[in-house]
Amino acid sequence: MRTARATAHYVLLCLCSVVILFPVAYALLMSLMDGAAILSGRLWPENWTLVNYEAAFQQAPLGRYLWNSFFVAFMITLGRLIVSSLAAFAFVFLRFPGRDRWFYICIATMLVPWEATVIPNFLTIQALGWTNRYVGLIVPFWAMAFGIFLLRQQFKQIPHELYEEAQLSGIGNFRFFCRVVLPLSKTSLVTLAVYSFLDAWNMYLWPLLVTNDDRVRTVQIGLKQLQTQEIASSWGVVMAAAVIAMLPTLLLLFAGQKQLRKGLMQGAIQ
Amino acid sequence: MRKVLASFLTLMFIGLAAGCSNEDASKAAGGKTEVVFWHSMSGDLEPVLNDIVADFNQTHPEIEVKPVFQGTYEEALTKWNAVAGTKDAPTIMQTFEVGTKHMIDSGKVVPVQTWIDKDKYDVSQWEKNIVNYYTVNGRIYSMPFNSSTPVLIYNKDAFREAGLDPEKPPLTYSELKEAAKKLTKKKGKETERYGFSILNYGWFFEEMVAVQGGLYVNNNNGRSGDATKAVFNGDEGKRVFELIRDMYRDGTFYNVGQNWDDMRAAFQAGKIAMYLDSSAGVKTLIDNSPFEVGVSYLPVPDGVERQGVIIGGASLWMVKGSSEEEQKAAWEFMKYLTTAPVQAKWHVRTGYFAINPAAYDEPLVKDEWAKYPQLKVTVDQLHETKSTPATQGALITVFPESRQHVVKAMERLYEGIDPQEALDQAAEETNRALQGAGN
Amino acid sequence: MNERISPFSPPTPWSVRTKRTARQAAMKSWLEGMVYLVPSLLLFGVFLFYPLGRTMYLSVFHTDYQGQPTEFAGLAHFVALLQDASFWHSLKATILFAVLTVPTTVVISFGLALLVHERRKGMGIFRTIFASTMGMSVGVASVIWMFMYNPAIGIINRLLSAIGGSPVSWLLDPDTALYAVAAATIWMNIGLTFLLLLAGLQNIDPSLYESARITGMSYWRQLWTVTVPLLSPTLFFVTTVSLIQALQTFGQIDFLTKGGPVEATNVFVYAIYREAFVNYQFGSASAQAIVLFLIIALVTFLQFRFAERKVHYQ
């Protein structure tokens, strides 16, 4: 009975994995085929080849792009964690006039369609002289309603008695924030970090607008650079670049998962 | 406590500044004149362009051309709109052919004619049929660069299999219908191979109208005055739509949607036997298809005289606001681009036309044509084009929007709407856009 | 605790003090709160509210191709919009898209999270697999799905014909296109939603399950009476965010269908994008953006008003 249940459980897990992983595997397989094989609609490569990867690295400075993406995504993540957790802390633990109103104002920013902000923001960045610099790619993304909202939901799970106790024993708000709130919210912080990193890693239109120089451009631009309209795209090369762009994020996810689990065990609130 | 917070934030800024300060991209060009060149050449095109630019920079030590990829033509134009007239604007800007009027109206460009006159440059060496498109009110506004036209592509093996002569592709609508019927292959209820297909993309429709001598908008395609009304819903347009409707109804026409690569995939997988594609894509297609590929002219309705094709692709614009020195350097670069050896290289490696026909006499091109005789067909079709307002192409600012309406009309055709009704609606929506653009 | 404290009445602990010190205390607490909020508010102000204000301003003007206002238009753009059949069509498509994607994504992700949230060997690897779709950009994912949907060589039609079905032009048929894009979107969104729900599940105190087990509750009953209520903050968060995201879908539409066929997938943000960045009609695009903003604001307000009441905070 128990083993039957376990088996059924694993079968279900494997089935779901196959469905979820399939598109990724499909891309990987295509990146290892030559052009003719892809267009003939094969699924499994007949001749395995790495030519697509060579071509991808030759056509765009992907190495430099990868480093830029990494740096930008890392800085965005760091900034977001700090800015969002500070705001969320204020919204949950501090009592001050207009608190809820401010919260709704923050949430309202989530409603602004991003496309509507692109041009004015570009002009702002231009006025600040931040075009073609990392700072223009990073700072506009530090504040994020999603992050504040996520952490607020997490902080609300922390028993308020802890805060009251801390107040009584004279522990200041900021110390309480650093010593108690943040450690207890590791899970959500890691989740937000992983999300932010991937989100930043996947930006396309914004980096394209605010940069002109290969030295600060990011990997998604490289991906677009490999696709064409009037002349057939080399899909193998595009897929190879996609895999290259995907690999670091998948690795990070893997690492983040481990961290997540550790955080979960320590973070259990008693 | 607040101090901690403050120092925390400061630390963050410092870290950021350290990461950025040495990355400021404005590089002193060391006495060289810098020409920033924004382009949309992606995929296999970019390395070719970069090679040409590198050659130029090496042979012209006083000039440094910096090519910068700016995304698709639309994305590049969006960015250009935002920076035009500021110091962030490039010196040379590449824009697609339908953006021509938009660029002129912006008032932020210097007509290339200015430099042609200053330099007393002889433009008769340029391909007339290409230059025509970019000539407005008798002045050449931009330098044609990557130019292409649509051609009929067909599967020669399938022709043989269906008992058709692979050297005699269909030239008229009735021949096309006939051939498509023979090429369509059914297996039970499923159609294994369709005869013909056209991408749901406005460009192909425009070309099919122009080849019959039909205009797209009034006032001679907007060439003799601002266009105020769409006229593509006349007889010529109707013939094109009826052709699609009839063939679709017969089950010999395959709807490939609006993705170029989907269309090519369908052809290479043997799902369609004939279709329309850009001349620029011909060589890659021949290389990648598992069968023999034929190339021919656009078909015309029976009894209609063939007028020829409109040039497509993109051109290079000189941007106002750059210094005299930069413009001069940009002009040097443009002249270099049009020399026969460079054009020969460009034509052979990309498939785009040479804007300088002398390039076709270069050994490089001759060897290539011996290997790919199909390439010559694309050039012949261009050379045989009669220069009229119809083949010169329409000049309107709202072209991208109008194309959306035409695409929608094509899609509605597959839904069973009457061709005239679909066309009329697209024309009316284009009219509205044309009027809206007036303010 | 009570969510809504009245902003200007002094909090209870201070009620015994005099009014003046209470006001001072309020001021002090306001200042302290602001210190935490300033980084966020400053950035929001510059990068979100300023553009939003600019959008509102432009929505009542005609503009040139650079987006500079030329002539006052009043409410002309809004009036034209409400009379435009494509606007209503686009609204319908957007709502349908949200209805198709949000509940499905949340339910599937919840199921996956429950599957992984068991003490068995090898869960780590499954967890990574299920979360993996969030590692892909919309661009990459769309390119892959485009290939899978390709009517001629795509794998989906190949599988279909292998089991005897007839091929479907997924993205080319107005009747299936929106569903096809929705399926791809669900796949793309599962990763993040799954991860968030899993994190929520892991946060639930295991001792609560113990007591449920002692009373001999069935798995499904336990799910309904213990898990779902305790997970409600996360569920609330996930649905709110997914809904907003769904109403703002853009990337996959641009890659897969360009709003076609026959506007079947012309969702709101895509329509705005095209109006502004392809047609350069910034005035009318801004008007559309304002309408979208109001719609999302209304939906989110209703969510907070009604759904958050059911949310159980510890």
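These legends accompany several views of a predicted model.

**View 1. Chain C, element by element.** Let's begin with the parts list: chain C holds twelve helices and two strands.

**View 2. The overall dimensions of chain C.** How does the radius of gyration of chain C compare with that of a compact globule of 314 residues? Such a globule would come out near 20 Å, whereas chain C has 25 Å. Along the principal axes, the C-alpha atoms of chain C fill a box of roughly 75 × 65 × 30 Å.

**View 3. Inside chain C.** Of the 314 residues in chain C, 47% are buried. Now look at contacts between residues at least 6 apart in sequence: 66% of these in chain C join residues at least 24 apart.

View 4. Is B:Leu199 buried or exposed? B:Leu199 counts as buried because 24 other C-beta atoms lie within 10 Å, and the cut-off for a buried residue is 20 or more.

**View 5. The neighbours of B:Leu199.** Setting aside residues within four places in sequence, the contacts of B:Leu199 are B:Phe204, B:Val256, B:Gln258, B:Trp260, B:Met263 and B:Leu276. Take B:Tyr275 as well: 76 residues separate B:Tyr275 from B:Leu199 in sequence, yet their C-alpha atoms are 8.1 Å apart in space.

Notes. Residues numbered from 1 in each chain as written. Chains lettered and ligands numbered in written order. Predicted model: local features only at pLDDT ≥ 70, side-chain atom pairs only at ≥ 80, totals over all residues. Helix = DSSP H or I, 4+ residues; strand = E, 2+ residues; numbered from the N terminus. Rg over C-alpha atoms; globule rule 2.2 N^0.38 Å. Buried ≥ 20, exposed ≤ 12 C-beta atoms within 10 Å, placed from the backbone. Contact = placed C-beta atoms within 7 Å.
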